[in-house]
Amino acid sequence: MSKLRWIPSLRCVAVAGLYLGGALASPFVLAGDASAGSDVFKTECSECHSVREGRNKKGPSLFGIVGRAAGTVPNYKYSDALLQARWTWTTDKLHSYLSQPAKLANPGTKMKYDGLTDARQLDDLITYLGTLH
Amino acid sequence: MPLRLNRRAPRRFYLWLAAAALLLLASTSAQAIPAYARQTGNACADCHAGSYGPALTPYGMRFKLNGYTDTDGNGFKIPVAVQINGTRTVPVQGQSGNALSEADIYIAGRVTDNIGGYVKVATDNLGDDHYSSKLSDVDLRFVAKDVNLGSKEATFGVSVNNNPGFQDAVSDLFASTQLGPPGVTGTLLNPSSPNSLANRVVGATAYGVYDTHWYGELGTYTSLPLSEQANLGYAPGGDPGKLSDTGYARFAYMKDMKKQFFSAGVVALTTRRQVPRTNPADNLTDLGYDLTYQYIGNRANIVQASFVDILELRHYGSLPPSPFPGVAAQSHGAVHDKTFSLTYTFLQTYGLSLAHMQSTSTRDIVRYQPYGIADTTSNQFIVFWTPFGKDDSLTPMANLKLSAIWFRFSRFNGSDSNVFGAPPGFPGTSAHDLDAFLVTASIAF
């Protein structure tokens, strides 16, 4: 009986350890609430971006955005500015990019966005984007 | 006590007017342009809270301001869409009926990055295998986007259109919402007015938006010759007359807060109008203001409210003959049209909408028989369901809309009873006798 009780506890410790390791490697990946981030996405992003794979709007699909090389969504016509970008959309990069006006983050981009200054909402959003696989 | 005359012809005209107003209002459920969705990759719900027009979200307003030119950048899309409406009409008086009531073709979309447009050709089923096609609303635009003015951005454009107010960015004016108060008279900016300007004029307006908040527009209109109106499908009886010295002005402040939207604006339209065209000109000036508010949130619960108030000042060029000895028509007058509308949409799929419409006039016993005032008060209640047109729908770029509409008059032609002034011994018509219940099904693809 007591052994059975220990099993979920050990599992929790193990999972917590994994989370902690991830958080240390990337301070934004697990800081947010994906459910709340879904609402942030609907308010801030959904008019120009879809989360469905292969569905481009005015902006490219954000399915699989975290870990994707910039400017590589098929059948989307990127600006020269983003085509020449040499970065991968890590959570750190997304945090930096989305926390400021897009024209400052990537001069010449087609994207029109003033930036999300609410740190909590930004964390939630990026956590949500990380679930889109 | 009202003065009573033999008014059989006006009664028929007013009944026709009430029926036409109902049809116009019933068509408010029908303004979806899937061609735009295919062009942009957007879902219907991105531009319309209820996933079906006509009311626009702030994103839809920006698409319109950008001249319908925004795109997903993925090649040329055929700028054509089709809409078919079926209607079950149950009037309080008269026969109920089912009809495939209207078929519309839209030519709508971008030509270049700076040129785009909206053209609607409507075919109405008149019954008995008779159909009537007409050129409905047109809005062709040239636009210069992303113009830097100092540290701010601006958009400038020109719209060639045929319905003053239809081209408006906020899209809450009567020509956009089709919620102009019906009645026996009305303002120039109200398409429900007799001899309205809608679709029988052509004009050009220049507009600009500064810093996404400040919207201004100036333009002019002229009426089409009767022969051109006939070619476009319009009977001469509704001729808006000859217009001259016509000016249109519009200014508004818009604030998009992502989860909420607010706008406040003023509008004016002035003209010298001759109806019939050989008559001396009336000087008409519309002055109005409008307020809108939208709560959008995370799109699950959306509330859209608007109030439009238009006052028309009239200086008549001639006086109609008076049937009353010693009583002459007024040389000046005013008409006041007001509409308040409120819509709640759940999950961008289920909706409730209500509108309160009121048209009032100054007293003129000769022009507004039999009661001397033309006051009309009406309401529209709609329940609707739009299952598609969302990002996660079976199809985000086409839609179906089922609506149940109740349209009621509490006052018509200055009275709530015997609105046409039937003489003693003849049955009178109450305002409620003009009420109707409609069920409509619209598909757009």
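Trainee: How many residues of chain A are in contact with chain B?

Mentor: Contact puts two C-beta atoms, placed from the backbone, within 7 Å. This is a predicted model, where local features need pLDDT of at least 70, side-chain atom pairs count only at pLDDT 80 or more, and totals for chains, interfaces and linings use all residues. Residues are numbered from 1 along each chain as its sequence is written, with chains lettered from A and ligands numbered from 1 in the order written. Chain B brings 14 residues, and its partners in chain A number 15.

Trainee: By class, how many residues on the chain B side are charged?

Mentor: Asp, Glu, Lys and Arg count as charged; Ala, Val, Leu, Ile, Met, Phe, Trp, Tyr, Cys and Pro as nonpolar; the others, Gly among them, as polar. The side of chain B that touches chain A has one nonpolar residue and six polar ones. The charged residues number seven.

Trainee: How does H4(A) lie relative to H6(A)?

Mentor: Helices are DSSP runs (H or I, at least four residues), numbered from the N terminus. H4(A), residues 91-98, packs on H6(A) at about 135 degrees, with axes 10 Å apart. Roughly parallel is under 35 degrees, roughly antiparallel over 145, roughly perpendicular 65 to 115, and the rest oblique. H4(A) is therefore oblique.

Trainee: Which residues of H6(A) make the contact with H4(A)?

Mentor: H4(A) contributes A:Thr91, A:Leu94, A:His95 and A:Leu98. The contact residues divide into five nonpolar, two polar and no charged. From H6(A) come A:Leu122, A:Ile126 and A:Leu129.

Definitions and conventions: Axes fitted to C-alpha atoms, helices over the stretch in contact; angles between N-to-C directions. Helix = DSSP H or I, 4+ residues; strand = E, 2+ residues; numbered from the N terminus.
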